[in-house]
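Here are my notes after a look through the model.

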Amino acid sequence: MPSEPRRISLLQGDITKIQVDAIVNAANSSLLGGGGVDGAIHRAAGPELVHACRLLGGCKTGQAKLTPGFRLPAPWIIHTVGPVYRDGMQGEAQQLAACYRACLSIAAERNFQSLAFPAISCGIYGYPILEACSIAIREISQFLATNASPATVVLVAFDSQVHQAFSQILQDLD
Ligand code: ADP
């Protein structure tokens, strides 16, 4: 198995276009759709997604739930709810780390080979980008070190600031 840094790749673009076993949605606790990546995923997956999400009864911060991908190229969506960043003293880092672990655990249980993440909490939820991206990469590397599945993880940066942060942290890992 390649070393953990080799199993993580970085792309700039739209996560709804990516062909992987599952994409992660940075959702809100209702799971009924919202702005940012959540809105884009609901639009691309089609109206079946909100129907499936209604049956899930919401999701707590730091947890994750699975639905089909419907009209997306990815067959599955893992919905997670990141923390709203206030001052960094409200357990935000632990909650954000828990999101990544919860998504990776679902992927491992389902034996997904490839998984794509957006930068959870880095948009509307206001998490400082470099900090959030370093938590993401730390949690993903730690998980991959002890799990064969998912074989590969793609970090999907929509904006250049997130792309730069991820790429800087990945370089430091190498
Ligand atoms: P949150 O509420 O968790 O902050 P947002 O959707 O507002 O979620 O933002 C999370 C990250 O997802 C931000 O970096 C944002 O630029 C990015 N993003 C927005 N749309 C997409 C998309 N289509 N694909 C990938 N990332 C996206």
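**Notes on the predicted model**

1. Let me begin with Ala151, which is partly exposed, with a relative accessible area of 25%. Bear in mind that this is a predicted model. Ala151 sits in the loop between α4 and β6. Leaving aside residues up to four places away in sequence, Ala151 touches Arg7, Phe112 and Gln113. There is also Asn111 to look at: its C-alpha atom is 9.1 Å from that of Ala151, and the two residues are 40 apart along the chain.

2. The peptide bond joining Ser149 and Pro150 is cis, with omega about 0°. I'd have a look at this one on screen.

3. Next, helix α3. Where does Arg101 sit, and where is its partner Glu139? Arg101 and Glu139 form a side-chain salt bridge, 3.0 Å from N to O. This pair links distant parts of the chain, with Arg101 in α3 (residues 92-109) and Glu139 in α4 (residues 129-146), 38 residues apart.

4. Arg138 has a relative accessible area of 41%, so it is partly exposed. Put together, Arg101, Arg138 and Glu139 make up a network of salt bridges.

5. α3 and α4 pack at an angle of about 35°, and their axes are 9 Å apart. The crossing of α3 past α4 is right-handed. On the α3 side, the contact is made by Ala93, Leu96, Ala97, Tyr100, Arg101, Leu104, Ser105 and Ala108. On the α4 side, it is made by Ala132, Ile135, Ala136, Arg138, Glu139, Ile140 and Phe143. Sorted by class, the contact has 11 nonpolar, 1 polar and 3 charged residues. If you look at the spacing of those names, recall that an α-helix has 3.6 residues a turn, so residues three or four places apart point the same way.

6. What about the length of α3? At 1.5 Å a residue, its 18 residues should span 26 Å, and the end C-alpha atoms are 26 Å apart, so the two values agree. Buried residues of α3 include Leu96, Ala97, Tyr100 and Leu104, as well as Glu92, Cys99, Ala102, Cys103, Ile106 and Ala107. These buried residues pack against α4 and against the strands β2 (22-27), β3 (64-68), β4 (76-81), β5 (114-117) and β6 (152-157). After α3 comes Asn111, with a positive phi near 60°.

7. Phe70 is not a glycine, yet its phi is positive, near 50°. Phe70 is in the loop between β3 and β4, and at 34% relative accessibility it counts as partly exposed. Ser121, also not a glycine, has a positive phi of about 70°. Ser121 lies in the loop between β5 and α4. Is Ser121 buried or exposed? It is buried, because its relative accessible area is 5% and the cut-off for buried is under 20%.

8. Phe70 turns up again in the surroundings of Glu48. Glu48 lies in helix α2 (residues 48-54) and is partly exposed, at 31% relative accessibility. With residues up to four places away in sequence not counted, Glu48 touches Phe70 and Arg71. The C-alpha atoms of Glu48 and Arg71 are separated by 8.7 Å, for residues 23 apart along the chain.

9. One last pair. Across the structure there are 4 salt bridges, and one of them joins Lys17 and Asp14, whose closest N and O atoms are 3.8 Å apart. The cut-off is within 4 Å, so this pair is counted. Lys17 is exposed, at 63% relative accessibility, while Asp14 is partly exposed, at 26%.

Terms used
Residues numbered from 1 in each chain as written. Predicted model: local features only at pLDDT ≥ 70, side-chain atom pairs only at ≥ 80, totals over all residues. Heavy atoms only, no water. Buried < 20%, exposed > 50% of the residue type's maximum accessible area, 1.4 Å probe, protein only. Helix = DSSP H or I, 4+ residues; strand = E, 2+ residues; numbered from the N terminus. Axes fitted to C-alpha atoms, helices over the stretch in contact; angles between N-to-C directions. Left-handed = near helix turned anticlockwise from the far one by under 90°. Contact = heavy atoms within 4.5 Å. Nonpolar A, V, L, I, M, F, W, Y, C, P; charged D, E, K, R; others polar. Expected span 1.5 Å × (residues − 1).
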